[in-house]
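Subject: Structure handover

Hello,

Here is the structure you asked to look through. My notes follow below it.

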Amino acid sequence: MSKEKNPSPYEEFNMEIPQEEFPEGSISARAAKSIVDSAMWTDANPMLNLSSFVTTYMEPEARELMHEHVHINYVDHDMYPKTYAMEQIMVKWLHDLWNGPKDKEPYGAATVGSSEACMLAGLAHKWNWREKRKAEGKDASNPNMVTGGNVQIVWKKFMRYFDVEDKIIPLKPGNYRLTAEHLDEYVDENTICVVAIAGQTFTGEDDDIQEIHDWLDAYEEKTGISIPLHIDGASGGFVNPFLYPDYEWDFRLPRVASINASGHKFGLVYPGLGWIIFREKSLFNEGLIFYVNYLGGESATATLNFSRNAAQIIAQAYKFIRHGREGYTSIMQQTVDNAEYLRDLLVKSDYFEIMNETQRIPVVALTLKDNVNNFNEFDVSAKVREKGWVLSAYTMPPNAEEITSLRIVVRAHLNRTVIRNLAKDIVDACDYLKENGGNAKPPKLHKHSAGKC
Ligand SMILES: Cc1ncc(COP(=O)(O)O)c(C=O)c1O
């Protein structure tokens, strides 16, 4: 590793990782593994990292399957046609799960995460809008997207990276969901789509999808302008269909043109998987599809990313087949029950108020009560970190910045006993802080930062 070559077998385990220059010599596999492993020892324990929505437990059979497929390059459809076929079957399953019209050919793709899925949806809507405007002989140089201040950072990235004006409706303290209230000030003929969220990052709530949908219907009636609705179901996409089958948040609403979800959140697969599904194939603009022949045979590619391993896609097939609707329903029910149990224990402690009015996905979003004045949510997060727990503390986006939240994502691997221990550790931390005071300051955010995923 250092410039000196051929260290003794003992020395090589003690080598420092060079910080600036490319490693020079070679060392044994065992030493390299040990050095790389140990470099990360002080990272958080993923099981205790409840600031994240991302799956941290999979069964041994799933892990085995992932290991077996990790060297398959998913994009090489010509060499691995069965892997591609499996992805296409899952696209149909998701179209079915999200109540896509039976008489329309579904279209969609596995992506690296919801972020890539959102970008593809945004691009499709931008291209469709531009084509339509040009066909009507209208100006197509100022596309915009309308969404709420509760959007995850991916949408701000999309708008900036792809030159779409951001029309973000600010939140207000006490209401952290997008409703139809201010749409008339933001939506216009240049709006490529409105994005509403199912399972938002900050409080876990759904935007008022039905109300937004109906407002857009009325807008079309009034102006003749038809604007599609995209649902960001990064988290809700794998909870709503199982727990609230009668709740119409999906393709049952005719204006919903596309939905994304994270396979690696409540899809229950390790990180590296998202899904984008369109209501029907014609909505994915043909101009976004490229045909390449350099892997042998001609294949179509229409994702932002090209090469990737197939492990997560195969693992998702395992999860869908292993659990089915029945299994996902009981896993999600148990997880939401555990979130409610945690929420109730924390509310009972009298330190916290709940921020989410509705409890759809298993997220507990809390804020300290007004009478707590010698410590804050950042102190609580720092104090419970001493026990290993990682809980997000953050300030809400504009115009609700004065509200600070403590967010706990309850995931499927947590059981009742763990939840009870967590609640006790949080309340003990508050007792300690009440006695001794806290001194944490909210970390300074860059202008365009947003909550974690
Ligand atoms: C509502 C929402 N949309 C999009 C994303 C981005 O998803 P991913 O991390 O899968 O790229 C997240 C991540 O938390 C999210 O919560």
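How many residues of domain 1 are in contact with domain 2, and how many of domain 2 with domain 1? Please keep in mind that this is a predicted model. The domain assignment places domain 1 at 63–319 and domain 2 at 324–436. Contact between them involves 22 residues of domain 1 and 23 residues of domain 2. On the domain 1 side, the touching residues are eleven nonpolar, eight polar and three charged. The C-alpha centres of the two domains are 29 Å apart.

The sheet

An open sheet is made of four strands in the order E10-E11-E13-E12, and its pairing is antiparallel. Strand E10 (352–354) and strand E12 (392–395) are the edge strands; each has a single partner strand, so one side of each has no neighbour in the sheet. From one strand to the next, the twist averages 35°. E12 pairs with strand E13 (residues 404–409) in the antiparallel sense, over four bridges. For a residue to look up in the viewer, take Tyr394, whose bridge partner in E13 is Ser405.

Two helices lie across strands named above. H10 lies across E11, E12 and E13, at about 35° to E13.

Helix H10 with helix H11

Helix H10 (residues 377–385) also packs with helix H11 (residues 416–436): their axes come within 9 Å and cross at roughly 115°. The crossing of H10 past H11 is right-handed. From H10, the residues involved are Asp379, Val380, Lys383 and Val384, and these meet Asp425, Ile426, Ala429, Cys430, Tyr432 and Leu433 of H11. By class, this contact has seven nonpolar, no polar and three charged residues.

Helix H2 with helix H9

Ala62, Leu65, Met66 and His69 of H2 meet Ala311, Ile314, Ala315, Tyr318 and Lys319 of H9. Seven of the residues in this contact are nonpolar, one is polar and one is charged.

Helix H4 with helix H5

On the H4 side, Ser114, Ser115, Cys118, Met119 and Gly122 take part, and they meet Val154, Trp155 and Phe158 in H5. The contact of H4 with H5 divides into five nonpolar, three polar and no charged residues.

Regards

Conventions:
Residues are numbered from 1 along each chain as its sequence is written. This is a predicted model: local features need pLDDT of at least 70, side-chain atom pairs count only at pLDDT 80 or more; totals for chains, interfaces and linings use all residues. Axes are lines fitted to C-alpha atoms, for helices over the stretch in contact, and angles run from 0 to 180 degrees between N-to-C directions. A crossing is left-handed if the near helix is turned anticlockwise from the far one by less than a right angle, and right-handed if clockwise. Two residues are in contact if their C-beta atoms, placed from the backbone, lie within 7 Å. Ala, Val, Leu, Ile, Met, Phe, Trp, Tyr, Cys and Pro count as nonpolar, Asp, Glu, Lys and Arg as charged, and the others, Gly among them, as polar. Domain bounds come from an automatic or database domain assignment. Two strands pair if DSSP finds at least two bridges between them.
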